[in-house]
Amino acid sequence: MICKEKTNSTVLLIIVLHFFCATVFAQYIAVKKEAVTTEHDSYTAKKKAKKLHDLKDALENVKQNGNTFEIAEAYANLSEFYLHPLDSLSLKYSDSIIFITKDVKNNELFPAKGYNQKGRYYYIVGKYKLALDNFTTGLAYTKENTLLYETINFHIGLIKNTIQRHTESKDIFKQYKKFLETNGYKKTAVKYNRALFGLSHSYTYTKEFDSASYYINKGIKNSIAGKDTIGYNYFLLNAGINSYFKKEYEIAHDSLTKIKNLLENDESNNQIISLAFAHLFLGKTNKALNKNSIENFVKVDTILEITKDVMPELLETYGYITDYYIASGDKDKVNHYLSQELKFRKISQENYEYLVKDIVTNYDNKILEKKRDKLIQEIKDRDNLIIVVLLSLLLAFAGAMYYFFRKQVIHKKRFHKLLEAQEKKKERLAQEKTQEVVAVAKEKPTPTESAIKELPEDLVNDILTKLEKFEATDKFVKKKYTLPQLAKELNTNGSYLSKVINETKQVNFSNYLNQLRIEYAIERITNDSRFREYTIKAIAEECGFKTQQSFSAAFYKKTGIKPSFFIRQLKNKIKNLKH
């Protein structure tokens, strides 16, 4: 009994010691982790402090030189430094840029850069009307086809996205991407990634999901390669949203869960609205998968309560929340979230109705005015050239008319020459038929020793006789001949046949067949009234050509006129003869 009690005591002691050791070890790990984190935070803080110190030193140095643009650039660097933690000092330095450059004329950077910085700050904090006001003002100060102009325009595209004018914003993002690519800014990874994100987002909401996926995948690769954490978060969120719309719910769930966790662990809190969208679409995805979703929708409400940045799309969350609590019978929660919806819907309407109005009045109209003013200026600049232009046009018109009529005269001469040749051929054939002789009168080239010196004269004459018979059969329009095929049919060698055609006909085999077909076409068109009514395409096929284009080209090469012109002139001639 005593032995048993001692054994139990020993086991208990061992368990207590194990627990104690585990607790001490866990505390040690936690302390060590906290120390590493503290050390990292301390290093980061020192690094930031040094950068701030350097920026302020740079500002003091350029102030001593008194160069306005260098001072403005130093203010811009400080404004950028304070922008990402959303410190209001960013606005202060932006205002300093505007103040010292307010009288600058025709500079593509200032004061526009100051307005752009202010617009970016207000956009990030969700004050879109103020952001738009600053962006449109900045746009008026800068020059078109510059990086700053296109960047400001890009930010206005983002604002258009917030009011669901995705088709318009897509055009802006395409222009921005094209500008970066054609002007050597593609290597500026962050800017290029933002262009890709804008495009992927717009394509998602215009239901062009494959295009959206292409830019999302490209953006994710670029973000990872360039260590662009913010860009990666944007693309991952959009990947989840795009997958949700494609009803790929499991894939959407993975992406949205991952981005939710990343954004929740982001201490800067700069992407809190992105977190709201992550919860909204994660809730919708969970609902589609029959999983618990209410926590996600409630989280959206919590974020809206913090930011008061009520994008219209986020209001969807209240429909899901109230449906859930109506089903569970919790009237207090139903009333609470109905009140929340009314409150935030009012904020949204106030902000976004004004924003829609401002987009039209402050941006769209100004863009139209700018285009109009540019056109007016161009007209003014051309005033002194109008007479010269008109005279040039008049001369060009006169030249074109002369060329046209001269061409008509030449073509008519060729037409009549062609008809004369046909008449002579007709007469010759009639004479040959009367005399019952072989068409020796046909001008057949006689081979000479110098022309085909490597072939016997008898062989050449034999091939020429066979070619005459072949030409008389019109087989060339019914069968697609190759050189070996015709050589076999004529019971001769392909190499000999090629040499005879090249030397006696002065063309290669392909052109020889085309010439036979064109002569056949001319004869049929001239003598067959029904054939003349065929379309050019049908005539081409009847004469052994594969396409209408190849027939017209061969006809023009042989006669110097188009088949359509020949037919038209022939019909006119026949019509005049009847009258």
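**Salt bridges in a predicted model**

Visitor: How many salt bridges does the count come to?

Guide: A salt bridge is a side-chain nitrogen of Lys or Arg within 4 Å of a carboxyl oxygen of Asp or Glu. By this rule, the count of salt bridges is 22. This is a predicted model, in which local features need pLDDT of at least 70, side-chain atom pairs count only at pLDDT 80 or more, and totals for chains, interfaces and linings use all residues. Residues are numbered from 1 along each chain as its sequence is written, and side-chain values use heavy atoms, with hydrogens and water left out. The salt-bridge total is 22.

Visitor: Is Lys160 buried or exposed?

Guide: Buried means under 20% relative accessible area, exposed over 50%, and partly exposed in between (1.4 Å probe, protein chains only). Because its relative accessibility is 4%, Lys160 counts as buried.

Visitor: How far apart are the closest N and O atoms of Arg165 and Glu168?

Guide: Glu168 is partly exposed, at 31% relative accessibility, and forms a salt bridge with Lys160 in which the closest N and O atoms are 2.6 Å apart. For the salt bridge between Arg165 and Glu168, the separation of the closest N and O atoms is 2.8 Å.
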